[in-house]
Amino acid sequence: KTTTEPSRRRRFWNGLLTTLRLKKKQEPVDLSQLTEGEILERGWDERANSAAIVRNAEVWKFGLQCVFKALQPRKLRKKGASEDEITAAQVAAAEFIRDGLLKLGPSFVKLGQVASTRTDVLPKTYTDVLKTLTDAVPAFNGARAQAFVQESLGTKAKELTNFSKEPLKAASLGQVHTALYKGKKVAVKVQRSKLQELFDVDLKNLEKLAALLDKFDPKSDGADRN
């Protein structure tokens, strides 16, 4: 469901897993035994448990990398590159940004989803790639989802039976499974773990970013990015 090739996607997830392993000094993990969603979830958990200053540094480093990537197509245009070369550079920049937003977690996936609707601000090459964040966020393990439900509902969870192993749909904040409740088929929306911890730090960073953008690029029409 993404615009990247299988080999590129595999390098992306492999790189993410390697980063997590080095941070925790863990033994190598067989990537083939983990789904993309499980790797993603591990990464978000790791980031939620890290110190705020580490998270801040990661976010702002990524922001600077995004600026550098986004400037590449402009440099090519000044050098007289063809439209095909410029478009390819824009797509590459958009994919870099999308993959980075996925790594950073739900707050930034949401930011990417909002940005994908802003065709008045971003080129179509960017919005087309960012739109994949709306329906292509990998799901996490169904057993883990069921464990979340049991932890949240306690003894009431026993009233849910036939909990599906695979979700119907996965998104940035959660995913939906089917189950039976008192004999009736229902949909169970399961929230991803550690969201509160991530949002607490990320919203502060996004607020600072909005203030910074308003300072360097004020809107004459009174529109505020906050």
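Analyst: Two residues are in contact when heavy atoms of theirs lie within 4.5 Å. In this protein chain, take the contacts between residues at least 6 apart in sequence: 57% of them join residues at least 24 apart.

User: What kind of model is this, and what limits apply to its local features and side-chain values?

Analyst: This is a predicted model, in which local features need pLDDT of at least 70 and side-chain atom pairs count only at pLDDT 80 or more, while totals for chains, interfaces and linings use all residues. Residues are numbered from 1 along each chain as its sequence is written, and side-chain values use heavy atoms, with hydrogens and water left out.

User: How many helices and strands does the protein chain have?

Analyst: Helices (H or I, at least four residues) and strands (E, at least two) are DSSP runs, numbered from the N terminus. Here there are 9 helices and 4 strands. Along the sequence the pattern reads α-α-α-α-α-α-α-α-β-β-β-β-α.

User: Which strands pair with β3?

Analyst: Strands pair if DSSP finds at least two bridges between them. Strand β3 (residues 174–181) pairs with β1 (residues 160–161) in the antiparallel sense over 2 bridges, and L160 has Y181 as its bridge partner in β3. Strand β2 (residues 169–170) also pairs with β3 in the antiparallel sense, again over 2 bridges; there K169 is bridged to V176. Strand β4 (residues 184–191) runs antiparallel to β3 and is joined to it by 8 bridges.

User: How many residues lie between the strands of each hairpin?

Analyst: The hairpin of β2 and β3 has 3 residues between its strands. The hairpin of β3 and β4 has 2, and in it K182 takes a positive phi near 55 degrees.

User: Is Q191 buried or exposed?

Analyst: Buried means under 20% relative accessible area, exposed means over 50%, and partly exposed lies in between (1.4 Å probe, protein chains only). Q191, in strand β4, counts as exposed because its relative accessibility is 55%. Apart from neighbours within four places in sequence, Q191 is in contact with F148, L173 and G174.

User: What share of the 226 residues is buried, and how much accessible surface does the protein chain have?

Analyst: Buried residues account for 37% of the 226. Accessible areas come from the Shrake-Rupley method with a 1.4 Å probe; for residues, only the protein chains shown count as cover. The protein chain has about 13,900 Å² of accessible surface, and 56% of it belongs to carbon and sulfur atoms.

User: Which residues does R55 meet in salt bridges?

Analyst: A salt bridge is a side-chain nitrogen of Lys or Arg within 4 Å of a carboxyl oxygen of Asp or Glu. The structure holds 6 salt bridges. R55, in helix α3 (residues 52–78), meets E58 in one of them at 3.3 Å, N to O. R55 and E58 both lie in α3, 3 residues apart, about one turn of the helix. R55 also meets D202, at 2.8 Å, N to O. That pair links distant parts of the chain, with R55 in α3 and D202 in α9, 147 residues apart. R55 and D202 are both buried. Through shared partners, salt bridges join R55, E58 and D202 into one network.

User: Why does R55 count as buried, and what else is R55 in contact with?

Analyst: R55 counts as buried because its relative accessible area is 2%. Beyond neighbours within four places in sequence, its contacts include R47, S50, L104, G105, F108, L198 and V201.

User: How many aromatic pairs does a search of the whole structure find?

Analyst: Rings of Phe, Tyr and Trp (its six-membered ring) pair if their centres lie within 6.5 Å; planes under 30 degrees apart count as stacked, over 60 as edge-to-face and the rest as tilted. The search finds 2 pairs. Among them is F140 with F148, a tilted pair at 5.9 Å centre to centre with 55 degrees between the planes. F140 is buried at 3% relative accessible area, and F148 counts as buried at 19%.
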